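Hi,

Here is the structure I promised to send over. Have a look at it first, and then read my notes below.

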Amino acid sequence: MSDFLIECRGLYKSYGLRPALSGVDLEVGPGRIVGLLGPNGSGKTTLIKLLCGLLQPTTGWLAIDGEAVGPYTKSVVSYLPDRMYFADWMKALDLFDLFRDFYADFDYQKALAMCRSLGVEPKDRLKSMSKGTKEKVQLVLVMARAAKLYLLDEPIAGVDPAARDFILRTILTNYNPEGTVLLSTHLISDIEKVLDEAIFLKEGKIMLHATVDDIREKEGKSVDALFREIFKAEPMWEGGEDRAV
Amino acid sequence: MLFKLLKYDFRAMWKQFSLVWGAALVLALVNRFSIFVDADDRAVHLRNSFVSSVPMFAFMAVIIAMFVIGIIFVINRFSKGLLGDEGYLMHTLPVRSWELVASKLICGAVTWVGCSAVSFLSALVMLPLNLSDLLQVPFWSDILRALIKHPDMLILVAEFLLMSLSAMVQFIAAIYLAIAIGHLVPRHRKLAGVAAFIGLYILLMNVYGRVFSATFIQRLMDMATANAYGSMLTASATMLIPAALFLAAVCWILEHKLNLE
C-alpha cells in the first residue's frame with residue numbers, strides 16, 4: 001500500500017484539441033489540508049473530477065489510497081461539486097437516507113445536528129429551498145462523512161466574505177482529521193490560514209507544490225502574495241496592444 | 001448495491017406517476033357512471049350527452065399524457081440522472097456502471113409495464129360489469145376449470161408477455177445507447193443522440209434482414225405452427241441479444257468515456 005493518498009503520474013486530459021491538464025505528477029499524503037490554487041481555467045475542476053471518476057484521463061495514471069478510481073475509491077472520497085446535483089422530488093432527509101445506504105462512513109445523526117446548527121429544515125423539499133440553503137445541504141452531506149479524502153470544488157466561490165468564513169468554519173470543525181482535504185479556489189487570502197500545503201496550477205501544469213511553511217520561509221512572502229506574483233496578468237492598453245515593461 | 005439503487009429509482013417513479021395513475025383510474029370510474037346508465041331491468045344503456053363526453057375526453061388526455069410522460073421519464077432518468085447534473089451524485093456513489101444502468105433499465109421497464117397495466121385496468125373499470133356477477137363462484141370456477149383443461153394457455157400468455165417485455169427492453173436499451181453515443185460528441189448532444197437512435201434502428205433492421213433470411217423465417221413459421229412456444233421464445237431471444245449488446249456498449253461508454261464536463 002502506498003504512503004500517499006493521492007498519486008498522479010503523467011496525467012493528461014484534453015477537451016477536443018484543447019488540453020486541460022498537461023502531464024500532471026502529484027503526490028499528496030494523508031491528514032493534510034491542501035489548497036488547489038489557480039486562476040479560472042487552470043484545470044482545478046478537471047483534476048478534481050478525474051479524482052472522482054467523473055472524467056476519464058486522456059493518458060496517464062492516478063490512484064487514491066493505492067487503488068485506481070472505482071467503487072472503492074468512491075467509497076472513501078467525499079466530493080463537493082461546483083453545482084447542485086439534487087433531483088427535484090427529494091427532501092434533504094431522502095438524501096441523508098441515500099448517503100447512509102451507500103457510504104458506511106456517513107453519520108446520519110451528525111448530518112441532522114449540522115442541519116440544526118446551519119438552520120436547515122431537513123424535511124423541506126429541496127425544490128422549495130433557496131440556493132444558499134441547498135448549498136448548505138450539499139455541504140452537510142459532504143462533511144457528515146468521515147472520509148479519507150474530501151474533494152471540495154470552489155466551496156467559497158460566489159458567496160460574501162461572511163458566508164466564506166461560515167463555510168470554512170463548517171469544513172474545519174467537521175472534517176475527519178485523519179483524512180485529507182483538497183480544496184480548490186482562487187480566493188487564497190480566505191483560506192491561506194488553514195492550509196498545510198498549496199498546489200499552484202497554471203494552464204494545466206503544476207507550477208508549485210510545497211508546504212505553506214516552506215513557501216513563507218523560502219519565498220519570504222505569503223501564499224497569496226506569491227500567487228499574485230506568479231499569476232500576474234499584464235493589463236491591456238488602448239488599441240489592444242501589450243505595453244512592454 | 002443494485003437493490004439500493006432500485007429503491008431510489010422506484011421512489012422517483014412513484015413520485016412522478018402516483019398522481020397520473022390515480023387520475024387515470026378515477027377518471028375511468030367517473031366514465032363508468034357518466035357513459036353507462038344502469039337501468040332497473042339490470043340492463044345497461046349508453047348515455048348520449050355532451051356531459052358524458054367531457055370526462056371521456058379528460059380520460060383520453062390523461063392516458064395519452066401518461067404514455068408521453070412514461071417515454072420522457074425513461075429518457076430523462078438516464079440522460080439527466082446519469083449524464084446531467086444528477087450524474088455528479090450517481091457516478092460518485094461506490095457502485096459499478098452496470099448497476100447504475102441496470103437500475104435505470106429495470107425502473108424504466110417497470111414504469112412502462114405500470115402504464116400499460118393502468119390502461120388495462122382503467123378499461124376494465126369503465127366497462128359496465130356487474131360486480132355481483134363478477135363475485136359469483138361458478139364464474140371463477142369455470143375459468144379455473146378451463147385453465148386446468150388447457151394449461152398451455154397460461155404458458156402462451158407468459159411467453160407473449162416475455163416477448164413484449166423483450167421488445168420493450170430492446171427499445172429502452174437502444175434509447176440508452178443513443179443517448180450515450182450523443183454524450184460522446186462535444187456539441188449538439190441531443191441531436192447526435194436522435195441521429196444515433198435512428199442509425200441504431202437502421203443497423204438493427206439491416207442485421208435482422210441479413211440474419212433472418214426467407215428460409216429462416218419460413219422455418220420459424222413452420223415452428224410456430226408445430227410449436228408456438230418455441231417460436232415466441234426465439235422471437236424473445238432475437239430481441240434480447242441486440243439489447244444485451246446495446247447495454248454492454250452503454251456500460252463501456254460510462255466506464256471508459258464518461259465526460260461530465
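**Sheet, rings and confidence**

Let's start with a pair of strands: strand 4 (residues 59–64) and strand 5 of chain A run antiparallel and are joined by two bridges. Across that pairing, A63(A) sits opposite A68(A) of strand 5. Helix 1 (residues 44–52) of chain A packs on the sheet, where it touches strand 1 (6–15), strand 2 and strand 4. The helix direction makes about 115 degrees with that of strand 1 of chain A.

As for the sheet itself, it is open and has four strands of chain A in the order 2-1-4-5, with antiparallel pairing. Strand 2 (18–28) and strand 5 (67–68) of chain A are its edges, each pairing on one side only.

Now for the rings. There are 15 aromatic pairs over all chains. One of them is Y150(A) with Y175(A), an edge-to-face pair at 6.4 Å centre to centre and 85 degrees between the planes. Y150(A) belongs to strand 7 (residues 149–153) of chain A, while Y175(A) is in the loop between helix 6 (161–174) and strand 8 (180–185), 25 residues apart. Are these two buried or exposed? Both Y150(A) and Y175(A) are buried.

Ring pairs also link F96(A), F99(A), Y103(A), F106(A) and Y108(A) into a cluster. Two of these rings have a charge over them: the charged end of R100(A) is 4.0 Å from the centre of Y108(A), and that of R145(A) is 3.7 Å from the centre of Y103(A).

Keep in mind that this is a predicted model. Chain A has a mean pLDDT of 86, with 93% of its residues at 70 or more. Over residues 240–245 of chain A, though, the pLDDT is below 50. Where pLDDT is low, the predicted coordinates should not be read in detail.

Cheers

How values were computed. Residues are numbered from 1 along each chain as its sequence is written. Chains are lettered from A and ligands numbered from 1 in the order in which they are written. This is a predicted model: local features need pLDDT of at least 70, side-chain atom pairs count only at pLDDT 80 or more; totals for chains, interfaces and linings use all residues. Side-chain values use heavy atoms; hydrogens and water are left out. Two strands pair if DSSP finds at least two bridges between them. Contact means heavy atoms within 4.5 Å. Axes are lines fitted to C-alpha atoms, for helices over the stretch in contact, and angles run from 0 to 180 degrees between N-to-C directions. pLDDT is the predictor's confidence in each residue, from 0 to 100. Rings of Phe, Tyr and Trp (its six-membered ring) pair if their centres lie within 6.5 Å; planes under 30 degrees apart count as stacked, over 60 as edge-to-face and the rest as tilted. Buried means under 20% relative accessible area, exposed over 50%, partly exposed in between (1.4 Å probe, protein chains only). A charge sits over a ring if NZ of Lys or CZ of Arg is within 6 Å of the ring centre and within 35 degrees of the ring normal.
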